[in-house]
Amino acid sequence: MKYLNIEFKKHDYLAMFFVVISALIYSVNMNTFVSSANLFPAGFSGIARLSSELIYSIFNFRISFSVFFFLMNISITFFVFTKLGRKFAIFSIIWFTFTTIFTAILPKFMITDDFLLNSVFGGIINGFAIGIALKNNASSGGTDFIAIYMSIKKNMPMWNYMMGLNAVILIIAGISFGWEKSLYSIIYQYASTQVINSMHNRYKLSNLFIVTEKSDEVAQAFYKTCRHGITKINVEGEHSHKPKIMLFTTINSYQLPAVINAVKNADPKVFITVNRSEKIVGNYYQKPLE
C-alpha cells in the first residue's frame, strides 16, 4: 500500500508495531526511573525536561514535557525528509508521537529512591528502547537525527560524539537544580549510549578475509547477499602448497550473519576471518535509509 508516495510492505507494518512498543518502553522509563531521580536525558528529551522544570521553578507554572518534546521533534522533521529517508521520517514521527501520548497519559510512580540504581537501570532501559527503534528503521528524533546523518557522512558510528553536545544540558541543569542530579544524569546517558552502540550495527564496519578454492561461487553468493566490492588475491596454502584465492571486502556489521551463511553454503570448506574496521576513506556503498 502507498501513503504519501511511499510504498509500505508487510514487514513495514511489523516494524511499526515494534516502533510503538519502543515508544511505550521509553515512556514508562521516563515516568519511573527518570522522573524518580529527576534525571536529564540526552538530546531533545533532556532539553524538553529541562525547559519544563525551568519554567516551573521560575513561574510556578508547568508546561508538560510532552508538549516541548513533540514541538521540538516536529520542527526538525523537514530535515529528515530531505536529508535522510521518507519512510525513516514517518517511522520516527510515529515514535515521538506515541512517546508524547504515552508520557502524558501513563502514571508516574517510583520503583526505587536510589539515585544510582535509577541512573544505571534507567539508562539501560532507555538505550534498549532506542535500540529497538533504530533496528526498525526509526529513531527517537532530535539529536539522533544528527547522529545518524553524521554516521552516514563519516561511515562510522557517531553516538559517542553526541555526548559532547549533551554537556550543555547537564551544565544548565547543574547550575539550576544542583550538580548531584547532573552527575547522575551523566551515568544515565553513558549507560544509554553504550546499549545503543551495542544494538545498532548499521554504521559499524567489518573487514572479511575469505580464503577459498571456489572463488567464483563464493563471490556470486556474496553479491546476492549485499552490494559491496571484493578484492581478489591469489595465494597459496603453505602446508598443502595448493593454490587458493583470498577475497577481501568490507561490509556493515549487521550484514555479517547473512554474508557468512551465504559464503559457507557456497563453499563449506571456506576459511573466514572478521576484523573490525574503524573508518573507511574512499568510495563505499552505504545502503540509504528508506
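# Reading strands, helices and contacts

Modeller: Start with a strand pair. β4 and strand β5 (residues 243-252) run antiparallel, joined by 6 bridges. Keep in mind that this model is predicted.

Biologist: Which residue of β5 does Thr 231 stand opposite?

Modeller: Thr 231 faces Phe 248 in β5. Then look at the turn. The hairpin of β4 and β5 has 6 residues between the strands. Among the details there, His 241 takes a positive phi near 60 degrees.

Biologist: Does β4 lie in the open, or is it enclosed?

Modeller: Count buried residues, meaning those under 20% relative accessible area. Strand β4 covers residues 231-236, and the number buried among its 6 residues is 0, so it lies largely in the open.

Biologist: And how many residues of strand β3 are buried?

Modeller: In β3 (residues 205-212), 6 of the 8 residues are buried, so the rest of the structure largely encloses this strand.

Biologist: Which strands are joined to β3?

Modeller: Two pairings to read here. β3 runs antiparallel to β5, with 8 bridges. It also runs antiparallel to strand β6 (residues 271-277), with 7 bridges. Take one partner from each. Leu 208 is bridged to Thr 249 in β5. Leu 205 is bridged to Ser 277 in β6.

Biologist: What caps the N-terminal end of α6?

Modeller: Asp 114 does. One of its side-chain oxygens lies 2.9 Å from the backbone nitrogen of Leu 116. Just after the helix, Asn 137 takes a positive phi of about 65 degrees.

Biologist: Which residues of α6 are buried?

Modeller: They include Gly 122, Gly 123, Gly 127 and Gly 131. Asn 118, Ser 119 and Asn 126 are also buried, as is Ile 132. Now go to Ser 22, in helix α1 (residues 10-37). Ser 22 and Ile 132 are 110 residues apart in sequence, yet 5.9 Å apart in space, C-alpha to C-alpha. With a relative accessible area of 0%, Ser 22 is buried.

Biologist: How does the span check come out for α9?

Modeller: It agrees. The 21 residues of α9 should span 30 Å at 1.5 Å a residue, and the end C-alpha atoms are 31 Å apart. Then read its burial. Lys 181, Gln 189 and Asn 197 are among the buried residues of α9. So are Ser 182, Ser 185 and Ser 192, and also Val 195 and Ile 196.

Biologist: Which residues form the nonpolar patch on the surface?

Modeller: The patch is Ile 171, Ile 175, Trp 179, Leu 183 and Ile 186, with about 530 Å² of accessible area together. The elements giving two or more residues to it are α8 (162-177) and α9 (179-199). α9 gives the most, with 3 residues. On the α8 side, take Ile 171, which lies in that helix. Its relative accessible area is 44%, so Ile 171 is partly exposed.

Biologist: What does the side chain of Thr 103 reach?

Modeller: The backbone oxygen of Thr 100, at 3.1 Å. Thr 103 sits in helix α5 (residues 86-105). At 8% relative accessible area, Thr 103 is buried.

Biologist: Last feature. How many salt bridges does the count come to?

Modeller: General idea: side chains of opposite charge can pair when their charged atoms come close. Here the count comes to 2 salt bridges. One joins Arg 62 to Glu 53, with the closest N and O atoms 3.1 Å apart.

Biologist: Are Arg 62 and Glu 53 buried or partly exposed?

Modeller: Arg 62 is partly exposed, at 41% relative accessibility. Glu 53 is buried, at 16%.

Biologist: Which side chains meet in a salt bridge at 2.9 Å?

Modeller: Glu 213 and Lys 244, N to O. This pair links distant parts of the chain, 31 residues apart. Glu 213 is in the loop between β3 and α10 (215-225), and Lys 244 is in strand β5. Lys 244 is partly exposed, with a relative accessible area of 23%.

How values were computed. Residues are numbered from 1 along each chain as its sequence is written. This is a predicted model: local features need pLDDT of at least 70, side-chain atom pairs count only at pLDDT 80 or more; totals for chains, interfaces and linings use all residues. Side-chain values use heavy atoms; hydrogens and water are left out. Buried means under 20% relative accessible area, exposed over 50%, partly exposed in between (1.4 Å probe, protein chains only). Helices (H or I, at least four residues) and strands (E, at least two) are DSSP runs, numbered from the N terminus. Two strands pair if DSSP finds at least two bridges between them. Patches are made of residues with over 30% relative accessible area and no salt bridge: like charges are joined within 9 Å, nonpolar side chains (Val, Leu, Ile, Met, Phe, Trp, Tyr) within 5 Å. Accessible areas come from the Shrake-Rupley method with a 1.4 Å probe; for residues, only the protein chains shown count as cover. A salt bridge is a side-chain nitrogen of Lys or Arg within 4 Å of a carboxyl oxygen of Asp or Glu. A polar contact is a pair of N or O atoms within 3.5 Å; within protein, one must be able to donate a hydrogen and the other to accept it, and residues adjacent in sequence count only if both atoms are side-chain atoms. The expected span of a helix is 1.5 Å times one less than its number of residues.
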